[in-house]
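Please consult the sequence and structure shown below.

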Amino acid sequence: MALTIISLIKQVPLPSEMRMGEDGLMDRTKAKSIINIDCQFGLEAGLQLRKQNPDARLIVCSMGPKSFEASLRTAISMGYDEAYLLSDRKLGGSDTYATGLAISTMLKHLGFTKESKDPFIILAGRQTSDGDTAHVPSQVAENIGIPQATFVESVKADGNGNVIAKRIIEGGYQMMKLPMPCVISLTPTGIPPRKPSLSGAIKARALKITTFGIEDIGLGTEKIGING
Amino acid sequence: MSYIDTVSTDVLIIGGGPAGLATSIHLADILKQRGQSARILLIEKGRSIGSHILSGAVIKPSVFKELLPEVDFSEIPFNAKVTKDRTILLTEKGAIALPFHLPYMSNNGNYTASLGQICRYLAVKAEEKGVEIYAGFAVDEILYKDGKVTGAKTKDTGLDHNGHKLENFQEGTRIEAKLTIFAEGTRGSLTKMLIKKFNLNKDRNEQVYSLGCKELWTVPEGNIKAGQIYHTMGYPLDNDEFGGGFIYGLNDNKVAVGLVVGLDYQDPTFDVHDAFQIWKTSAFVSKILKGGKLVEYGAKTLPEGGHYAIPKLFVDNALIVGDSAGLVAMPALKGVHLALRSGMLAAQATADALLNNDTSEKSLQQYETLVNNSAIHKEMFAVRNFRQGFANGLFIGGLHFGTQLITGGAGFFGRLRSHADYQTTLKLSELKKKPFKERFKGKLEFDKILTFDKATDVYHSGVYHDEQQVGHLQINDPEKFNAINIEQYGSPEQFYCSSEVYELHTNKTGQKEIRIHAENCMHCKTCDIKSPGEAITWVVPNGGNGPDFQNM
């Protein structure tokens with residue numbers, strides 16, 4: 001009955017090097033890339049949860065082109081165990097609705113549904129530096145049909161199958177208790193992301209990243225990509 | 001995830017510069033030829049290969065053909081072939097080009113290059129040959145067993161300024177290696193510890209250094225041609241300051257400029273970065289930079305002690321290569337080709353040691369023997385007394401050099417000694433001549449078009465340091481520092497630092513203290529070298545920190 005901690009991340013251009021392409025979409029090709037800062041805090045939150053659950057399985061997931069593998073490997077070098085990438089040309093140009101749908105379809109395909117017997121928790125960053133919408137974590141929660149807490153600074157397991165989340169609101173904090181499975185999105189105000197370890201980096205380089213296309217996870221084309 | 005991580009390798013190479021990379025490439029080749037297999041792990045403290053690489057550079061290319069015989073020479077990212085090469089006697093308003101080359105200063109057949117680009121290329125080759133390269137990792141501890149080197153450990157991360165563990169503490173990884181190659185570059189921090197522990201500089205001259213400040217510029221077409229190189233002597237240095245400027249025309253209307261000054265100068269207020277800015281205002285240099293734009297800045301020290309300052313290069317299970325070994329040939333300050341060659345020779349000795357399962361000192365002596373019989377020795381031995389001759393000024397140095405030229409390097413006085421750079425600084429009260437700021441009064445307002453203050457230059461180096469770590473610049477004895485470095489020497493740290501790390505702050509009651517802005521650190525090591533009384537120790541910061549040179 002080990003806990004699975006799933007972190008959703010996005011690779012983004014270094015904020016100082018962003019450019020807008022001619023088609024109104026981000027031109028990511030020329031800038032250096034990093035893991036989106038909020039997502040890094042999400043990754044660290046997952047690693048902190050592991051301290052309470054040493055047997056936890058840590059999974060990192062992303063949706064994007066093959067170049068996102070670099071970020072997935074960085075997450076592994078921080079301490080994650082497995083990495084999954086949803087990558088398909090047809091997903092290019094997706095807005096947050098389509099992205100949320102696609103990611104939750106992949107998670108369901110991996111066995112993470114609201115009926116799952118084994119406990120899991122999905123962590124994400126609050127928002128991205130190249131999108132700034134903060135939509136996707138909530139979209140994922142709604143698609144899977146599980147509770148969510150956003151703008152969370154820190155999250156702890158209570159030992160009874162719930163998590164206690166410290167949420168940032170105007171003027172202070174709100175303490176929330178959610179049953180797992182649930183989705184938590186992290187603000188960049190909590191524990192800063194740890195640096196990779198060398199042994200982690202060596203493990204990351206050798207690791208096979210499982211890549212899915214939309215057919216693999218059973219996702220139709222009507223609601224994704226530019227159409228979505 | 002394990003908590004005290006250990007990684008095992010056959011060979012650990014500390015440093016991804018030309019020496020470390022050449023060692024890894026040649027070792028991989030030899031092992032393949034012999035059907036031997038061994039794990040080669042190379043770690044680099046910079047964010048990526050090239051991030052901490054800085055050189056002029058004008059490189060002698062022949063050793064590259066030996067290192068990469070299977071590669072077409074045109075594939076190696078050299079820049080422009082040297083077409084015009086002049087030594088300039090510089091004054092503020094004028095310049096006289098010498099009609100001849102000084103001995104050992106000819107660059108016929110050499111190429112300008114960005115050493116960073118070359119290293120990136122070498123890294124690609126190394127990885128193709130199976131070398132495992134990990135950048136962004138710093139080792140701050142040598143591992144020992146029974147008094148012998150057994151590897152190194154990466155730095156613990158996630159510590160606050162006082163060294164207390166934070167929530168995101170990450171223990172460093174222990175790397176256990178049969179053989180460790182120290183390729184840390186100039187004034188390597190672990191190499192320094194190794195030399196001290198095993199007394200590797202016994203009977204050697206003190207190693208002495210120069211500090212070079214460099215800028216990469218893009219200039220209008222026609223200002224300078226690619227392949228045109230100049231070395232300047234004179235302005236703004238006086239008779240007591242050893243060094244000069246360089247101007248290297250590169251492809252795509254880029255030019256590399258810099259000033260390199262020996263750190264044995266006596267004036268505690270001398271400032272190499274500022275002297276570099278003043279050098280640019282000379283008529284000759286400013287004409288070349290006119291209408292141009294600053295692209296990058298960086299600084300680095302160079303070991304100049306020569307043959308007599310090279311430490312013993314081997315101990316049980318460890319070898320030293322490149323700048324860490326002091327392998328730079330004067331007067332042209334050429335170390336890249338020597339670094340490569342030392343790496344190749346280290347690779348030979350390493351391959352044999354692994355084959356015979358004997359990485360002891362006795363077995364590794366082969367490396368030093370190879371070096372002593374190689375072109376490295378030939379080049380450095382001929383100029384073994386060059387740098388020391390200049391300890392008493394240019395004129396005397398010139399005389400010494402003259403005697404050395406006609407005696408195959410011996411000179412009339414035999415082996416000349418050197419003094420450590422931190423010992424040559426005079427106290428404020430002892431300085432007889434005008435201090436730096438007075439000498440250049442009126443020239444120290446930087447216009448941010450041609451000349452730049454340190455902070456602006458530092459911005460152009462891409463420098464970054466994690467906030468959560470212990471400050472990596474350590475004042476060994478703060479009380480002594482205040483009494484001596486500040487009171488008696490006027491805190492030369494604020495002047496000799498290439499990157500405005502050290503700020504002398506005087507509060508309302510007149511009390512002075514030094515404030516350390518470690519986040520600016522260029523990793524040049526000048527403070528570790530020049531601080532009076534050896535008051536400062538440079539410790540390696542977190543991996544991935546420091547400058548992020550793109551094309552330096």
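In strand E12(B), Glu176(B) is the bridge partner of Gly151(B). The model is predicted: local features need pLDDT of at least 70, side-chain atom pairs count only at pLDDT 80 or more, and totals for chains, interfaces and linings use all residues. Residues are numbered from 1 along each chain as its sequence is written, and chains are lettered from A and ligands numbered from 1 in the order in which they are written.

E12(B) pairs with strand E9 (residues 148-154) of chain B in the antiparallel sense over three bridges; strands pair if DSSP finds at least two bridges between them. Strands (E, at least two residues) and helices (H or I, at least four) are DSSP runs, numbered from the N terminus. With strand E1 (residues 6-14) of chain B, the pairing of E12(B) is parallel over eight bridges, and Val11(B) stands opposite Leu179(B). Strand E19 (residues 318-320) of chain B also runs parallel to E12(B), joined by three bridges; there Ala318(B) faces Thr180(B).

## Burial

Across the 552 residues of chain B, 55% count as buried. Asn372(B), in helix H8 (residues 361-372) of chain B, counts as partly exposed because it has 14 C-beta neighbours inside 10 Å.

## Overall chain

Chain B contains 16 helices and 23 strands. Its C-alpha atoms fill a box of roughly 65 × 60 × 50 Å along the principal axes.

Methods. A residue is buried if 20 or more other C-beta atoms lie within 10 Å of its own, exposed if 12 or fewer, and partly exposed in between; C-beta atoms are placed from the backbone.
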